[in-house]
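Here is a short briefing to read alongside the sequence and the model.

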There are 2 protein chains.
Amino acid sequence: MSFAVYQPPQVQKSYPVLYFLSGLTCTEENFIVKANALKYAAEYGLILVAPDTSPRNAGIPGENDNWDFGTGAGFYVDATLAPWSNYYNMYSYIVEELPNLIAANFSIDINKQGIFGHSMGGHGALVCAIRNPNKFKSVSAFAPIVAPMQCTWGTKAFTGYLGEDNQNWRLYDASELVRKHKYHGHILIDQGTDDKFIQEQLKPEIFEQACQEVNQPLTLRYQDGYDHSYYFISSFIEDHIKHHVKELGV
Amino acid sequence: MSFAVYQPPQVQKSYPVLYFLSGLTCTEENFIVKANALKYAAEYGLILVAPDTSPRNAGIPGENDNWDFGTGAGFYVDATLAPWSNYYNMYSYIVEELPNLIAANFSIDINKQGIFGHSMGGHGALVCAIRNPNKFKSVSAFAPIVAPMQCTWGTKAFTGYLGEDNQNWRLYDASELVRKHKYHGHILIDQGTDDKFIQEQLKPEIFEQACQEVNQPLTLRYQDGYDHSYYFISSFIEDHIKHHVKELGV
């Protein structure tokens, strides 16, 4: 597994860490190159970690046949169906293996770790944070897939990785999870109004409704005229980093 | 010829324009995606124009054989040797054709146009500004090739495009030009100290010496630990945009 790490210039005893999960088709490079996050990580003395979005070259027949399933589309779940289950365990990777690897190799403040992401990665960030609030003390997302059980990207991935019994799917659906596990912190979501995936795949109103039902603090901002691209992310990355800085008490 | 344009969100009667010239192997995309300039162009209401670095698919035999000559390496000169002279006229393109195209299609303030660039594009920006101070009212550069007549990138390109008579080369060497045509404004150059091309190709001290000889206002900043990449550019782009804003009186 590949991942990118940004280390800030400050000399500190330990560093807060933000994990950024990218969306479909991305690698560990997109966020670091395109999101304009480094400037703010430098300013606040944060380590940034950007993992790849799936295993690659696992040797599974057909793994490269779809842009929204298999390579580049791990969907941050632990697959239960063979042959994917032998390799595609992105949930455990993000929640356990990667943080352990970072902690073993960098001087991090283990009590100041946040997570955010974009699209499929926004889904991953919300799921990982809501299920692991003691590990990820802050969370935000850009144009996340908030209800994967109710969109074709999600149902295709969940069917392929988890099988047709959708009881298992609920472990990876932020809108389902937040109803049962209210998150201790404030959640920030930005969503562009000109995002072509908003109606069919992203459906932010479903998560907003779920949060309202359980009084989950949420700021959902609709950004007028913005699309689904990294230009959108780079336009609001400063706000997100400041959100994590505040929530983590950096 | 391809170029990228960023239009700021402000509604203005007319917009200042900054042209950014990229380096070897780049296209019109690198600067827009990687430099983190859009945020500051938005803040100050500037149009950004990022042209490609050469003609492409001109059909010249061998045009794609070298990364530092031909495709992606126009060097911002008007070639005088056939077959390049039929296509490779990047100097005229940057100085005449492109600004005319921009003026015809956008509401620009023709008296507030600046130019900057990186590496080969820093060379281009300096040459275009020094030779056309009434057109380009401000100039800056990241790690520019300031003395192409004294480095192998420059001599290879000039020999190929202009022939072996190096009297013609002086029209495209910033360190030669500034001695004869002092620029009306202040020139800003940033140069990373860990840039692997600094000694053999970039040689900032030659331009610094030339500027001192004619009392040309120059700020040459050596940035400790920075390399030749767009990470370097994105780290100091804010300063450069502010430099142009100040020099243009935006």
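This is a predicted model: local features need pLDDT of at least 70, side-chain atom pairs count only at pLDDT 80 or more; totals for chains, interfaces and linings use all residues.

## Where the chains meet

**Buried area**
- About 760 Å² is buried between chain A and chain B, and carbon and sulfur atoms account for 54% of that area.
- On the chain A side, 55% of the area buried against chain B comes from A:Val33, A:Lys39 and A:Tyr231, more than any other three residues give.

**Polar and charged links**
- Two salt bridges cross the interface of chain A and chain B.
- In a salt bridge between B:Lys39 and A:Glu238, the side chains meet at 2.9 Å, N to O.
- Five residue pairs are in polar contact between chain A and chain B, with both residues at pLDDT 80 or more.

**What chain A presents**

**Cysteines**
- Searching the whole structure over all chains turns up zero disulfides.
- A:Cys128 is in no disulfide, and its nearest cysteine sulfur, that of A:Cys211, lies 16 Å away.
- A:Cys128 is also buried, with a relative accessible area of 0%.
- In chain B, the closest cysteine sulfur to that of B:Cys211 belongs to B:Cys128 and is 16 Å away, too far for a bond, given that a disulfide needs the sulfur atoms within 2.5 Å.
- B:Cys211 is buried, with a relative accessible area of 2%.

Key: Residues are numbered from 1 along each chain as its sequence is written. Chains are lettered from A and ligands numbered from 1 in the order in which they are written. Side-chain values use heavy atoms; hydrogens and water are left out. Buried means under 20% relative accessible area, exposed over 50%, partly exposed in between (1.4 Å probe, protein chains only). Buried area is the accessible area (1.4 Å probe) that two parts lose on being put together, summed over both. A salt bridge is a side-chain nitrogen of Lys or Arg within 4 Å of a carboxyl oxygen of Asp or Glu. A polar contact is a pair of N or O atoms within 3.5 Å; within protein, one must be able to donate a hydrogen and the other to accept it, and residues adjacent in sequence count only if both atoms are side-chain atoms.
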